[in-house]
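Please look through the sequence and the model below.

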Amino acid sequence: MTVARHGFLGALPPGHRERLQGFSHEVTFPGGARIFEEDGVADRFWIIGSGSVALDVHVPGRRETVVETLGEGDLLGWSWLFEPYRWHLGAQTRGTVLASEFDAERIRAACEEDPAFGLAVTNGVARVIARRLKTTRTRLLDLYGQPGDGGAP
């Protein structure tokens, strides 16, 4: 499986992309599988090859609220890069998912050994985080914003 032409991997320079892919192995998740839970240990991450995964947040007294759905080429999981290495959201498959899986500890070590590689990976993850924050903000405004509230006092 290769998803190097777009998404997270596509944003990396070719040499760094190839190096990162060298750390991966393929995995399959069945439909409806919980990949990780909010506040669980973030010890790996995935790049989705096919299928989709819903990112959700626990809302007390309610079911998990889906904040975004990821698909082919998307990075699943960024909490592995930043201490305390705990998931900020939960993730559940929407159907069968094929993905490349990466061991976070190995990638963090490679980033420390090669600062240029580390900077490329960190910048790529930062771009993902920025986009996800924007998407989550929009989703939360859709769910909880007041109709006609332009945000002005």
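T93 touches F29, P30, G31, G32, A33, I35, S52 and V53, leaving aside residues up to four places away in sequence; contact means heavy atoms within 4.5 Å. This is a predicted model, in which local features need pLDDT of at least 70 and side-chain atom pairs count only at pLDDT 80 or more, while totals for chains, interfaces and linings use all residues. Residues are numbered from 1 along each chain as its sequence is written, and side-chain values use heavy atoms, with hydrogens and water left out.

T93 belongs to strand β7 (residues 90-93). Helices (H or I, at least four residues) and strands (E, at least two) are DSSP runs, numbered from the N terminus. T93 counts as buried because its relative accessibility is 4%; buried means under 20% relative accessible area, exposed over 50%, and partly exposed in between (1.4 Å probe, protein chains only). The T93 side chain reaches the backbone nitrogen of G32 at 2.8 Å and the backbone nitrogen of A33 at 2.9 Å.

Strand β7 is part of an open sheet of four strands, in the order β2-β7-β4-β5, with antiparallel pairing. Two strands pair if DSSP finds at least two bridges between them. β2 (34-36) and β5 (65-70) are the edge strands, each pairing on one side only. Direction ignored, neighbouring strands of this sheet are turned by 30° against each other on average. Five bridges link strand β4 (residues 53-57) with β5 in the antiparallel sense, and L55 stands opposite E68 in β5.

Strand β8 (residues 97-103) has five of its seven residues buried, so the rest of the structure largely encloses it. Strand β1 (residues 25-29) runs antiparallel to β8 and is joined to it by five bridges, with V27 opposite A99. Strand β3 (residues 44-50) also pairs with β8 in the antiparallel sense, over six bridges; F45 has F102 as its bridge partner.

Turning to the helices, α4 lies across β4 and β5 and runs at about 140° to β5. Axes are lines fitted to C-alpha atoms, for helices over the stretch in contact, and angles run from 0 to 180 degrees between N-to-C directions. The axes of helix α2 (residues 14-21) and helix α4 (residues 115-144) come within 10 Å and cross at roughly 90°.

Definitions and conventions:
A polar contact is a pair of N or O atoms within 3.5 Å; within protein, one must be able to donate a hydrogen and the other to accept it, and residues adjacent in sequence count only if both atoms are side-chain atoms.
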